[in-house]
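Here is a short briefing on a predicted model. Read it with the structure open.

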2 protein chains.
Amino acid sequence: MLELKSLPDGCAARRRTEACDRCGARAYSVCASLDESELVRLDALAERLALGSGQVLLREGDPAQHVFNVTSGSVRVYKLLPDGRRQITGFLYAGDFLGLATGERYAFSAEAMEPGSACRFRKSEYRALIQETPALEAILLERANHELAAAQAQMLLLGRKTALERVASFLRDMTTADRMRPAQEGVVRLPMTRGEMADYLGLTIETVSRVMTRLKTENVIRLLSLNELSIERPERLSALADGEA
Amino acid sequence: MLELKSLPDGCAARRRTEACDRCGARAYSVCASLDESELVRLDALAERLALGSGQVLLREGDPAQHVFNVTSGSVRVYKLLPDGRRQITGFLYAGDFLGLATGERYAFSAEAMEPGSACRFRKSEYRALIQETPALEAILLERANHELAAAQAQMLLLGRKTALERVASFLRDMTTADRMRPAQEGVVRLPMTRGEMADYLGLTIETVSRVMTRLKTENVIRLLSLNELSIERPERLSALADGEA
DNA sequence: CGCAGCCTTGACCATTATCAACGCTGGTGG
DNA sequence: CCACCAGCGTTGATAATGGTCAAGGCTGCG
């Protein structure tokens with residue numbers, strides 16, 4: 001790796017891309033912001049994981065020893081109440097970070113929703129690398145603030161939107177969520193079940209199902225399969241999402 | 001300011017504390033992490049604001065030109081739907097930052113809830129300072145991740161808790177929220193109205209009122225005045241907050 | 001082909017919102 | 001100094017949204 005700089009340009013570029021891919025740097029758009037040696041060090045810390053469907057990445061209350069980066073597939077992040085009620089706080093896709101929050105223990109659980117892969121870093125090593133890499137720290141700060149804005153939008157949804165508005169908001173947001181696997185125009189892939197949608201939107205399975213049926217009846221959406229739909233009237237969907245109808 | 005280092009120790013310490021106070025550095029616990037020259041530069045960028053009750057600090061959609069730090073009083077942060085429904089996403093107290101999220105425009109509005117004060121920094125200058133001050137960046141990243149964890153807890157509350165559980169959670173959290181003005185043991189100050197509590201908890205004023213009455217009747221809390229109450233049975237309150245009853 | 005898991009639909013119910021009236025409190029002006 | 005008023009909070013009656021319970025249908029896999 002050390003002679004990387006001295007290789008012909010094309011080769012360096014290729015090696016660079018490989019390094020990005022291996023540790024997930026490309027997926028999380030860090031690639032462009034870091035120089036060669038920083039990428040190599042990041043890569044050296046990465047431990048690759050293959051994820052089965054439903055596999056647990058981390059559990060609320062466990063000692064927070066690792067930081068993850070999703071490199072393919074999708075992941076659900078959630079919190080539970082003692083009686084089993086579940087709130088999914090977010091879905092992660094290729095490129096998303098997980099477990100960055102400081103603290104002794106994880107404040108949430110995370111499981112793969114479909115087969116995929118992730119990178120794992122020991123938190124202590126990762127933090128040391130961050131210390132020495134201001135560019136990485138800046139990226140993480142940017143990400144954290146972006147997530148915070150998304151969390152606020154979700155609070156508005158959970159606290160003040162009707163069931164119809166919630167589902168419409170969710171479907172609208174899904175058109176842009178899965179950054180690494182952009183479906184064709186107007187087509188949305190839903191890697192989660194109705195139950196997961198419900199637990200994300202603060203509703204029950206039945207209510208989600210009823211609202212989907214209604215949107216279908218009103219020709220706002222069309223179901224291609226259970227997990228794929230096309231948005232027939234995007235402007236109408238957006239109006240519903242913002243409570244303008 | 002430049003000769004600060006050469007002053008006798010006692011004097012430097014005093015000057016340091018003053019600088020902390022002026023720009024809010026002491027309030028946000030940044031004081032201890034920055035060295036003298038960094039504090040002086042932070043202070044030089046700060047513009048002090050006096051806040052009247054209800055005064056608007058920033059409005060959703062406005063160009064995001066400033067970063068704020070609350071130095072006294074309390075602030076509500078909220079998002080609105082077109083028809084006026086409001087979700088308060090957080091309450092800020094002395095020491096809290098506001099407006100750090102990157103982006104062209106603010107994604108939320110913020111208003112003072114009572115007379116107080118704040119510091120304002122031009123975002124461009126602030127970002128430049130951050131770039132040169134890794135310690136400051138680390139603090140902000142830490143804060144952002146902490147806020148993110150709080151936001152996830154609030155999503156669980158809004159999506160899955162009953163009215164009783166929400167109010168109990170809120171009162172429990174309030175015992176530790178206002179860092180700069182810790183009330184005496186078991187006494188909670190509520191700088192917000194019932195309407196603001198309702199908009200924070202995703203309920204109506206009436207429901208909040210009814211639940212408070214119920215908690216009062218069951219001797220879990222005791223109202224000292226409209227804006228101050230004592231928690232008589234903290235363990236019971238906590239059990240209710242987590243849905244263990 | 002049959003079963004398991006997920007989804008949909010229907011009937012009924014409960015929690016919380018809505019609408020309405022009344023009470024308290026603090027500030028102001030007669 | 002007292003009375004009135006405005007704003008906020010409480011309480012009650014009723015309504016509606018979404019939850020619960022139950023039954024049946026689809027689909028993919030063994």
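DNA strand D is surrounded by 16 residues. The closest are T162(A), T207(A), R194(B), S209(B) and T213(B).

**Surface near DNA strand D**
- In chain A, α7 (205-217) gives two or more residues to this surface.
- The most comes from α7(B), which gives six residues.
- Seven residues of the surface near DNA strand D are polar, five are nonpolar and four are charged.

**Contact between chains A and B**
- Contact between these chains involves 35 residues of chain A and 35 residues of chain B.
- On the chain A side, the elements that give two or more residues are β5 (86-93) and α4 (134-160).
- The largest share of that side is from α4(A), with 19 residues.
- By class, the side of chain A that touches chain B holds 17 nonpolar residues, nine polar ones and nine charged ones.

**Confidence in chain A**
- Chain A has a mean pLDDT of 86.
- A pLDDT of 70 or more is reached by 84% of the residues of chain A.
- Residues 1-10 of chain A have pLDDT below 50.
- In the model, this stretch makes eight contacts beyond near neighbours in sequence.

Key
Residues are numbered from 1 along each chain as its sequence is written. Chains are lettered from A and ligands numbered from 1 in the order in which they are written. This is a predicted model: local features need pLDDT of at least 70, side-chain atom pairs count only at pLDDT 80 or more; totals for chains, interfaces and linings use all residues. A residue is near a molecule or strand if its C-beta atom, placed from the backbone, lies within 6 Å of it. Helices (H or I, at least four residues) and strands (E, at least two) are DSSP runs, numbered from the N terminus. Ala, Val, Leu, Ile, Met, Phe, Trp, Tyr, Cys and Pro count as nonpolar, Asp, Glu, Lys and Arg as charged, and the others, Gly among them, as polar. Two residues are in contact if their C-beta atoms, placed from the backbone, lie within 7 Å. pLDDT is the predictor's confidence in each residue, from 0 to 100.
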